[in-house]
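Good morning, and thank you for coming.

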Amino acid sequence: MTSEQNARVPAPAGKATSAPVMGRDGEATIFEYSSPGRKAWSFRSTGLPEWEASVLVAPGLLRGEPVELVEVPERDLVAHVTRLTHRQYSVDLGAYPLGSCTMKYNPKLCDDAASLPGLANVHPATPASHCQGWLELLWSLSNALCEVTGMKAATLAPPAGAAGELTGLLLMRAWHDSQGESRTKVIIPDSAHGTNPASVTLGGYETVTIPSDDRGLVDMTALRNRLDRDVAGIMLTNPNTLGLFEEDIAEIAAAAHDVGALLYYDGANLNAILGVTRPGDMGFDIVHMNLHKTFAVPHGGGGPGAGPVAVSARLEDFLPGPIAQRGDDGTFTWVEPARSIGRVHSWYGNALALARAWSYILANGGDGLRRVAEGAVLNSNWLKSRLRGTYDIPYDRPAMHEFVASTSTLKKRTGLRALDVAKRMLEEGFHAPTVYFPLIVEEALMIEPTETESVETLEALAEALINIAGEEAGEAVHAPRSTPVGRVDEALAARRLQATWDAVRQPS
Ligand SMILES: Cc1ncc(COP(=O)(O)O)c(C=O)c1O
């Protein structure tokens, strides 16, 4: 070894150092590898008689033409998927400080647990008496989530955060109906995640938006002015999407309850509060959680996730079923709550996502979960302090698991926009932070380092962000240059979406 090699300092583990394989060559779609007669399967003959589809399927339901399926051998399929994998950035490769989305590293232990044959190979129609272990797992997970949130009962069925929100709003409606009231409005702050107003609309309510004040918190005067007996509930994220703890939460809860409204907690991300404080203790009535953010369920690309909803005692009877329950003799059964709003997902939700979350909770234990929160908050404050002075920190109060910086001043001085910083970060071996959210911060960079990154990785992240801010603005405008895909025209892509192979083959 040369002395130069000896002196080589390894890059921090959270920084991706290997360039994605073979530069910019596009990877063909799997359809383009297809060739008639090639296949990735072989079935042994069972010796059983064969049936014509027309004997088994009603004529009206039969296809006129065979469906055009991809025909590739396993070898080519694996090579294609592996090449795509190498062109991807992932939580397994490096840091992913995508604020609000919480892309933390997911321990492999949780994958192993969810792959146990006794969990993975059970059909959801299996009678409860034959899958008592599964019911016990779901019952235990539900109890643990109630403990973490300070709630009385939970449904594990919703398959995503937004699905949890809709479930929560339907519960809100069911509650007011049971009180003989038909309220029409739900209040949300202007810092809210976009799914909140969308869920309010889907739930049949009108959104009333209230501003944030100079502290970046709910403007109490505005809230009081909008609260009346037509308000069904207030939806809040705490810490909010600026990464700030809503200090007036007890007062907000009292004001909501005074007019008979319910308080809804968007607990997509519990990373800052696990084992430290609980929505139930703050006065919330309904909580949804994204297990795919806080509890080690991988996400991105649309799931599958899990968005359980936990509620206070007065809402328990309205929960969607079925819910695993333990009888006095220790056996488990499915129950449907007395005044259930009905099913919100087939079967019991995304069961293997739930199994992963349960293994994460067991592996950490109560004290470990608290350490997760402490680590997330420490890392976020550490990184924020390193960036202060280089980037604007618009609401510079103690951060929770994430914080919002801005390139507003840099943009005025050098033209550097949040988007440019995000694209340059890809060249530096990191995933980009969230940009332009929350909407109330100009040129926002929403940064969530998560508790899973080491201090060396945080330092490398800080260094990359600081260096980018010091470059000529022109540098960043053409980034990323070393990734398989360069800067795309996002507005055009959104307007002329071509999401299917047919559209690519026959462009309109
Ligand atoms: C604060 C907040 N609420 C709700 C959601 C919606 O969750 P999902 O994407 O699982 O539907 C998210 C997801 O990013 C979020 O960050």
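In which loop is the place of Pro-239? Pro-239 lies in the loop between β4 (231-236) and α10 (249-258). The peptide bond that leads from Asn-238 into Pro-239 is cis, with omega near 5°.

Two remarks on the basis of what I present. This is a predicted model, in which local features need pLDDT of at least 70 and side-chain atom pairs count only at pLDDT 80 or more, while totals for chains, interfaces and linings use all residues. Residues are numbered from 1 along each chain as its sequence is written.

Pro-480 is found in the loop between α17 (473-477) and α18 (490-495). Tyr-436 has a phi near 60°, a positive value in a residue other than glycine. The loop that holds Tyr-436 runs between β11 (434-435) and β12 (444-447).

Let me turn to the chain as a whole. The protein chain has 19 helices and 12 strands; helices (H or I, at least four residues) and strands (E, at least two) are DSSP runs, numbered from the N terminus. Its C-alpha trace spans about 75 × 70 × 50 Å along the principal axes. For 508 residues, a compact globule would have a radius of gyration near 23 Å, and the 25 Å of the protein chain agrees with that. The radius is taken over C-alpha atoms, and the globule rule is 2.2 Å times the number of residues to the power 0.38.

I now come to the helix pairs. Axes are lines fitted to C-alpha atoms, for helices over the stretch in contact, and angles run from 0 to 180 degrees between N-to-C directions.

Helix α7 (residues 161-178) and helix α8 (residues 195-202) have axes that come within 9 Å and cross at roughly 45°. That angle makes α7 oblique to α8; under 35 degrees counts as roughly parallel, over 145 as roughly antiparallel, 65 to 115 as roughly perpendicular and the rest as oblique. Among the residues making the contact are Gly-161 and Ala-162 of α7 and Thr-195 and Asn-196 of α8, where contact requires C-beta atoms, placed from the backbone, within 7 Å. By class, this contact of α7 with α8 has 5 nonpolar, 4 polar and 1 charged residues. Here Ala, Val, Leu, Ile, Met, Phe, Trp, Tyr, Cys and Pro count as nonpolar, Asp, Glu, Lys and Arg as charged, and the others, Gly among them, as polar.

Helix α6 (residues 132-149) packs on helix α13 (residues 351-387) at an angle of about 60°, with the axes 10 Å apart. The two are therefore oblique to each other. Leu-137, Leu-138, Ser-140, Leu-141 and Ala-144 in α6 meet Leu-354, Ala-355, Ala-357, Trp-358 and Ile-361 in α13. The contact of α6 with α13 divides into 9 nonpolar, 1 polar and no charged residues.

Helix α13 also meets helix α16 (residues 455-470), where the axes come within 10 Å and cross at roughly 30°. That makes α13 roughly parallel to α16.

Finally, which residues are closest to the ligand? They are Ala-160, Gly-161, Ala-162, His-193 and Ala-268, out of 13 residues that surround the ligand; a residue is near if its C-beta atom, placed from the backbone, lies within 6 Å. The shell around the ligand has 4 nonpolar, 8 polar and 1 charged residues. Thank you for your attention.

Key
Contact = placed C-beta atoms within 7 Å.
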